[in-house]
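Open your viewer, have the selection tool ready, and follow along stop by stop.

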Amino acid sequence: MPCFSCGARQTDPVRGASPWTRGVRDETQVLVCPDCRHTHDVDLDTCASCGSAALICRLGEVECRSCGAVRLARSGAGAGRPVASCAPGLADEVEAALARVLRRVP
Ligand SMILES: [Zn+2]
Ligand SMILES: [Zn+2]
């Protein structure tokens, strides 16, 4: 997934956490490259409970990765078109599994 703001492509992940920021914008899962994250305010949706922008957009739901709050996605945005732009939770599971494997390397 390219950066939603400038369209830059994510390079191969280096070891450790990716500097790219994942978030939700207009009920759509987006990626923000480090440049855009640092150079201008990216307008990401934030959690109503804790204000964190670490949100995951699932089918019809937006979940906060900081406090776990789940809200229904607004029905206005994206109504009438499939929610194909929302990455399912699978990517997160793969990422978590990868992280576990990497951490096991002596
Ligand atoms: Zn960018
Ligand atoms: Zn939250």
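Our labels for helices (H or I, at least four residues) and strands (E, at least two) are DSSP runs, numbered from the N terminus. This is a predicted model, in which local features need pLDDT of at least 70, side-chain atom pairs count only at pLDDT 80 or more, and totals for chains, interfaces and linings use all residues. Residues are numbered from 1 along each chain as its sequence is written, chains are lettered from A and ligands numbered from 1 in the order in which they are written, and side-chain values use heavy atoms, with hydrogens and water left out.

**Stop 1: the loop between E1 and E2**

Select Glu 27, which sits in the loop between E1 and E2. Its phi is positive, about 65°, although Glu 27 is not a glycine. Asp 26 is not a glycine either, and its phi is near 50°, a positive value.

Glu 27 has 6% relative accessibility, so it counts as buried. Asp 26, at 43%, counts as partly exposed.

**Stop 2: the zinc ion**

Next, select the zinc ion (ligand 1). Which residues coordinate the zinc ion? Show Cys 3, Cys 6, Cys 33 and Cys 36: each coordinates the zinc ion through its SG atom, at 2.3 Å. Donors here are N, O and S atoms within 2.8 Å of the metal (3.2 Å for Na, K and Ca); water is not among the atoms, so sites may look incomplete. Along the chain, the donors follow the spacing C-x2-C-x26-C-x2-C.

Keep Cys 6 and Cys 36 highlighted. Cys 6 lies in the segment before strand E1 (21-25) and Cys 36 in helix H1 (residues 34-39), so this pair ties together parts that are 30 residues apart in sequence. Cys 6 is partly exposed at 45% relative accessibility, whereas Cys 36 is buried at 5%.

**Stop 3: the nonpolar cores**

A nonpolar core is a set of buried Ala, Val, Leu, Ile, Met, Phe, Trp, Tyr and Cys residues joined through side-chain atoms within 4.5 Å. The largest one has ten residues, including Trp 20, Leu 31, Cys 36, Leu 44 and Ala 53. E2 supplies the largest share of this core, three residues.

To finish, select Leu 55, Cys 57, Val 62 and Cys 64, which are among the six residues of a second, separate core.

Conventions:
Buried < 20%, exposed > 50% of the residue type's maximum accessible area, 1.4 Å probe, protein only.
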